[in-house]
Amino acid sequence: MATPATAAEPAILRLSGIDRRFGGVHAVRGVDLEVRPGERRAVLGPNGAGKTTVFNLISGEFPPSSGRVELFGHDVTNLPARKRARMGLSRTFQTSRLFAGLSVEDNLFLGALGVGAGHLRMVPSSKDGRLREQARAMASQVGLDSRLDDLVMDLSHGEQRQLEVGMALVAEPKLLMLDEPAAGLSRAERVKLTEMLLGLDESITLILIEHDMDVALRVAQWVTMMHDGAVIVEGTPEEIRGNQTVHDLYLGSGLISHE
Amino acid sequence: MNPIVSTKRFSWPALIVVVALAAIAPLLVSDFFLNSILTKALWLGIAAASLIFLAAYAGMVSLGQVGIYGIAGMAYANLVLADGGAGAAWNPYLALIGALVIATVVGLGFGWIAARSEGIYFLMITLAFSVLVYYFFSQVTGLSGFGGINSVDLPGVVGSPETDPVPRYFLTLVVAVLVFLGLGALSRTAFGLGMQGVRDEPARMRALGFDVTRHRTLAFGVAAFVAGVAGVLSVFYNTRITPGSINLAQTIDVLIVAVIGGLYRLEGAWVGALTYALIDNYSREWVPEVGNVLGPARFNTLIGVLFLIIVLASPGGLIGIWDSLMAKVRTPRRAPAPKPVPQTIE
Ligand SMILES: Nc1ncnc2c1ncn2[C@@H]1O[C@H](COP(=O)(O)OP(=O)(O)O)[C@@H](O)[C@H]1O
Ligand SMILES: [Mg+2]
């Protein structure tokens, strides 16, 4: 397996010296990160390590206190989230952010529409039909084809997590970022999710935050370990499995002790 | 903060029955009822519908709708031949279009500013807007006459309401149905679904690539157009417009109409307006004189109490009460569905 350090292609994502403070909380401290096209990267670390904040800085939810974010070779540090999305970045949220009052199909319809044109179209159009086809195809890919017309507020937690992933994928992103997609899923659902991630098109770059080591280390080729806002270890899944610091952190927080 | 809203689609049979009843109403009721209750409820309902549309589909509760309809009404009254105001003496149909364009453009401009704020701040900004419009027209007598613009010229379709109120009633009815169907259809378009996305999860909308501010601005523009329609119809109804008819009390009345009907469904606008018009006219006869406490003059107290009861009993207003009654009638008690058996043991 090629490690990013030896790959020749330019980075699809580069964070340089990223810092983020929330009042007194120094959530992210001097993080450097490089991800290459097609790479499968896992970001691990105990709760509060700053993983989600790094995602928010990459997706443009808020700007870094200092440092620089480059996406697809462009400096996007001051670009709003929606423009980054339209460049080909999709993300999910740790706690689902779905359109609760809309149906599954309408949710995915908006997911597909977002990166396209015609946001303000006030009349029906044949383009809607194509977006709906895309939405339905994605629904079956994430196992929700029987719930197309159901409102999101009526879905189970597991179904909402599946839709959360579908919402990011339906935009056909170049860079896909998943924030704990397996959280709260049953073992069967986690296995299905892992299969789906392993089956992703090779051209899609994936960054995955995941506490479930089975999912994370099976999917990832390269792992970034965070603690207290900083990157403390990087390596292959094998290296991470054998790393003492990782064990201390995870065993200390009880995250893998029950497995 | 907002309860999760699902804007259910209405039922065609119910709409057809209501419209059919409304269509034969002139045969069934007195001219007074046709005018003071039904026609008034229809245009007031359109004003409330512009508020409900924003609240239900975009999650924006606005107190600016009366400001917008005041602008439309004043614009119309100034553009046609009238007693007071600018008296531009345009053709009434042209003035109608002009008034709607002005209301929509002002709505878009103001919406662009207001769209950046949310919740209570949005409420305050829109309230300030309505108050500002009221003071503007109170003070600029060149545009509002002294105490109002009277004998406003009306378009031919309205006929002469003093002798025959039926044409004006039908015009208002047709427009109300068009507004209802139009807003319903709009909610199913790309823009309308996006608006509901902005209502439910603006952060997700941004992450999907949408410009949330632009969506909100345009939603406000659409609502302003609808409020403008109500404003012009209110001038047709009154054949005059005064600054007093677009003051803070009217802003609150339109909010009350919307809340009584139900903030989450467009139908609520007309249910609320009809309730309001009935109480407005008949409370004087119904309400007994009880010392200083109750009495025919206590219309506002009565409306206030009803408002309070409805807000406490059902955030969805009368429509919400109806919905939950129907839900109870339709679904007989069923045993809870058995829990699915997990396939693997955790
Ligand atoms: N929007 C925010 N406002 C204030 N503090 C925040 C915010 N987001 C994250 N934090 C804080 O930053 C730290 C890192 O949080 P987070 O990135 O969510 O960690 P992780 O995803 O690794 O569990 C935590 O102490 C958290 O409380
Ligand atoms: Mg997190």
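Predicted model: local features only at pLDDT ≥ 70, side-chain atom pairs only at ≥ 80, totals over all residues.
Figure 1. On the chain A side, 39 residues are in contact with 30 residues of chain B, where contact means heavy atoms within 4.5 Å. Residues are numbered from 1 along each chain as its sequence is written, while chains are lettered from A and ligands numbered from 1 in the order in which they are written. Local features need pLDDT of at least 70, side-chain atom pairs count only at pLDDT 80 or more, totals for chains, interfaces and linings use all residues, and side-chain values use heavy atoms, with hydrogens and water left out.

Figure 2. Look for Arg188(B) and Asp106(A), whose side chains meet in a salt bridge at 3.2 Å, N to O. The interface of chain A and chain B also has eight residue pairs in polar contact (both at pLDDT 80 or more). A polar contact is a pair of N or O atoms within 3.5 Å; within protein, one must be able to donate a hydrogen and the other to accept it, and residues adjacent in sequence count only if both atoms are side-chain atoms.

**Figure 3. The pieces of chain A that face chain B.** Helix 2, strand 6 (89–91), helix 3 (104–114), helix 4 (126–141), helix 5 (157–169) and helix 6 of chain A each supply at least two residues of the side that touches chain B. Helix 3 of chain A gives the largest share, six residues. Helices (H or I, at least four residues) and strands (E, at least two) are DSSP runs, numbered from the N terminus. By class, this side of chain A has 20 nonpolar, seven polar and 12 charged residues. Ala, Val, Leu, Ile, Met, Phe, Trp, Tyr, Cys and Pro count as nonpolar, Asp, Glu, Lys and Arg as charged, and the others, Gly among them, as polar.

**Figure 4. Two domains within chain A.** The domain assignment, which is automatic or from a database, gives domain 1 (1–88 + 173–259) and domain 2 (97–171) in chain A. Their C-alpha centres lie 25 Å apart. Where they meet, 18 residues of domain 1 of chain A are in contact with 15 residues of domain 2 of chain A. The area buried between these two domains of chain A is about 1,100 Å², with 59% from carbon and sulfur atoms. Arg86(A), Pro173(A) and Met196(A) supply 40% of the area that domain 1 of chain A buries against domain 2, more than any other three residues.

**Figure 5. A salt bridge between the domains.** The interface of domain 1 and domain 2 of chain A has one salt bridge. Glu61(A) pairs with Arg97(A), their closest N and O atoms being 3.4 Å apart. Which parts of the chain does the pair link? Arg97(A) sits in the loop between strand 6 and helix 3 of chain A, and Glu61(A) in the loop between helix 1 (51–59) and strand 4 (66–71), 36 residues apart.

How values were computed: Buried area = accessible area lost by both parts, 1.4 Å probe. Salt bridge = Lys/Arg side-chain N within 4 Å of Asp/Glu carboxyl O.
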